[in-house]
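Let's take a walk through this structure together. Have a look at the picture first, and then we'll go through it piece by piece.

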Amino acid sequence: MTQTEYKIYIDDIIRRVESARLKVSAHHIVKIVAISKYSTSQEIEVLYKIGQRAFGENKVQDLKAKTQELEEFPLEWHFVGNLQKNKINNLLDIDPTLFQALDSLELAHELQKKLVAKEMSLDCLLQINSAKEESKHGVMPEVAKEIYEQISQECPNINLKGVMSIGAHSEDKTLVRKSFELTHSIYKELKGATICSMGMSGDFELAIECGSNMVRLGSLMFNK
Ligand SMILES: *Cc1c(COP(=O)(O)O)cnc(C)c1O
């Protein structure tokens, strides 16, 4: 694709986000985070030139490499992957805009310790395993509110901004919808939460209709 063709392609994705969000309300604003894990820094630069500013990675070493390679550009970086305890300091050295995959109280406590040591704070989302899939990380929906409140109280250097969830891995749209609705209902109960991150390339319109205000688009944004 030429740059012009790519711009038209991205405009079409933005139009799809627009029509999904307008079904919710004219005031329902949705942010697109371009997940660049399958893409190169050059491809990110092309998307930046079209106007995209928020990008996300799921491996700390990839996040580090790309933030370094693209350091001249005013980009926002999200970390959306599973964080191993021995990688916490590496993540904090990168100081991402938002860590979207805080998935246990135990990890929150470890993170809190490292944040104190570095005199930092970090914006995070609590990941919810709303479809209760063994292959996925995240806290169970029944305990999500309690864990969210516990982290808020016990980890003052973690700024919880809301929740993140991956939709049910299913061809059955009613199941996917249920997982999004459950995540959104938990989000609505959380005091001060402003971000409900759900929806990926294959299900973002449904996620937005269920109340998502942040979609994480990988293959679609990079046309893979
Ligand atoms: C890879 C990834 C995405 C993007 O997936 P696509 O289906 O390529 O849009 C979104 N969220 C997380 C947590 C991911 O790991």
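**Around the ligand**

Start with the shell around the ligand: by class, it has five nonpolar, three polar and two charged residues. Keep in mind that this is a predicted model. So who are these neighbours? The ligand is surrounded by Ile35, Lys37, Tyr38, Val80, Met200, Ser201, Arg216, Leu217, Gly218 and Ser219. Here Ile35 and Val80 are among the nonpolar ones, while Lys37 and Arg216 count as charged.

Now zoom in on some polar atoms. In the side chain of Lys37, an N or O atom is 2.7 Å from an oxygen atom of the ligand. Ser201 also has a polar side-chain atom facing us here, 2.5 Å from an oxygen atom of the ligand. How much of the ligand does the protein bury? Taken alone, the ligand exposes 390 Å², and 87% of that is buried by the protein. As for where the ligand sits, the space it takes is the largest pocket.

Next, let's turn to the rings. The structure holds five aromatic pairs. One of them is formed by Tyr6 and Tyr9, and this pair is stacked, at 6.2 Å centre to centre with 20° between the planes. Where do you find these two? Both Tyr6 and Tyr9 lie in helix α1, which covers residues 3-24. They are three residues apart there, about one turn of the helix.

Methods:
Residues are numbered from 1 along each chain as its sequence is written. This is a predicted model: local features need pLDDT of at least 70, side-chain atom pairs count only at pLDDT 80 or more; totals for chains, interfaces and linings use all residues. Side-chain values use heavy atoms; hydrogens and water are left out. A residue is near a molecule or strand if one of its heavy atoms lies within 4 Å of it. A polar contact is a pair of N or O atoms within 3.5 Å; within protein, one must be able to donate a hydrogen and the other to accept it, and residues adjacent in sequence count only if both atoms are side-chain atoms. Accessible areas come from the Shrake-Rupley method with a 1.4 Å probe; for residues, only the protein chains shown count as cover. On a 1 Å grid over the protein atoms alone, a cavity is a set of points where a 1.4 Å probe fits but cannot get out, and a pocket is an open set with protein on both sides within 12 Å along at least five of seven lines; lining residues have an atom within 4 Å of a point. A molecule sits in a cavity or pocket if more than half of its atoms lie within 2 Å of its grid points. Rings of Phe, Tyr and Trp (its six-membered ring) pair if their centres lie within 6.5 Å; planes under 30 degrees apart count as stacked, over 60 as edge-to-face and the rest as tilted. Helices (H or I, at least four residues) and strands (E, at least two) are DSSP runs, numbered from the N terminus.
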